Amino acid sequence: MRGVDVWRWHAASGSRKALLSGIDWRVRAGEQWALLGPNGAGKTTLLSLAAAAEFPSRGGVELLGETMGRTDVPRLRESIGFVDARAGSRFAPLLTVREVVRTGATGTIGYFRERIAGPDVTRADSLLERFGLAALGERRFGDCSRGERQRALIARALVARPRLLLLDEPAAGLDLPGRELLLAALERLAVEDRALAIVLTTHHLEELPAATSHALLLREGRIVACGDAAGALTSEMVSGCFGLPLDVGRRRGRWHARAASAATGELAQHPQFL
């Protein structure tokens with residue numbers, strides 16, 4: 001992305017609201033990116049551009065060697081795996097986990113067995129194994145926990161062998177075991193498919209896989225930090241991103257953040273606690 005701006009017009013006022021401003025960003029094959037920021041920072045908008053689901057208001061977006069506005073977007077999307085917060089609700093709850101994963105071969109929300117070739121069936125079943133879902137293959141998708149559904153949806157997104165995988169808050173709402181199983185699966189994926197680029201959005205550093213190599217921090221639609229994870233995920237940068245003094249650390253490859261002692265008074269006066 002080069003000089004990317006995104007805005008929305010408000011017809012009533014005749015003015016526009018900036019969602020993203022001056023975004024310069026490059027993701028290379030095999031990189032594992034974290035996209036962080038508070039609510040309203042522009043993370044989902046940025047991910048929608050990367051998914052070829054939206055166009056910029058200004059600036060250039062090039063995806064997998066193709067320039068947005070000059071390419072066949074539906075064909076381009078076939079090489080991009082995208083799992084957002086609404087993905088699970090699109091499938092009939094009576095479909096089994098195995099069937100949902102296999103729909104990744106056709107890119108549909110319906111299961112059309114006759115359209116799925118043998119190699120795709122083999123790959124889907126292999127992904128069930130990789131994401132710890134083999135024993136759940138015949139369980140109804142609607143009966144699965146949120147964590148199980150998330151792992152199934154990521155497996156589904158990988159059936160078509162995308163070059164870019166985009167995950168919008170994949171750990172949101174998961175309990176601790178569900179989160180850890182998901183992160184373990186993503187860490188294995190980074191090792192087993194070293195050419196795959198992954199971008200994952202989150203509010204919480206604790207939800208980042210240990211394999212995270214790069215980070216982009218957004219605040220009010222602008223970049224606060226962008227680059228290798230060690231340089232971007234510092235206490236100074238993360239504090240500036242979230243607007244609160246934070247201590248950021250790392251243990252055994254996993255990141256964590258907590259309010260710095262200087263922020264105790266600020267937290268006590270926050271409207272949420274009054």
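These legends walk through a few close-ups of the structure shown above.

The model is predicted, so local features need pLDDT of at least 70 and side-chain atom pairs count only at pLDDT 80 or more, while totals for chains, interfaces and linings use all residues. Residues are numbered from 1 along each chain as its sequence is written, and side-chain values use heavy atoms, leaving out hydrogens and water.

**View 1. Helix 5 meets helix 6.** Here the axes of helix 5 (residues 146-158) and helix 6 come within 10 Å and cross at roughly 20 degrees. That makes the two helices roughly parallel (the term covers angles under 35 degrees; axes are lines fitted to C-alpha atoms over the stretch in contact, with angles from 0 to 180 degrees between N-to-C directions). Arg151, Ile154 and Leu158 of helix 5 touch Leu181, Leu182, Leu186 and Leu189 of helix 6 (contact means heavy atoms within 4.5 Å). Helices (H or I, at least four residues) and strands (E, at least two) are DSSP runs, numbered from the N terminus.

**View 2. Strand 10 beside strand 11.** Strand 10 (residues 214-219) pairs with strand 11 in the antiparallel sense, over six bridges. Look for Arg219, which stands opposite Arg222 in strand 11.

Notes:
Parallel < 35°, antiparallel > 145°, perpendicular 65-115°, else oblique. Pairing = 2+ DSSP bridges.
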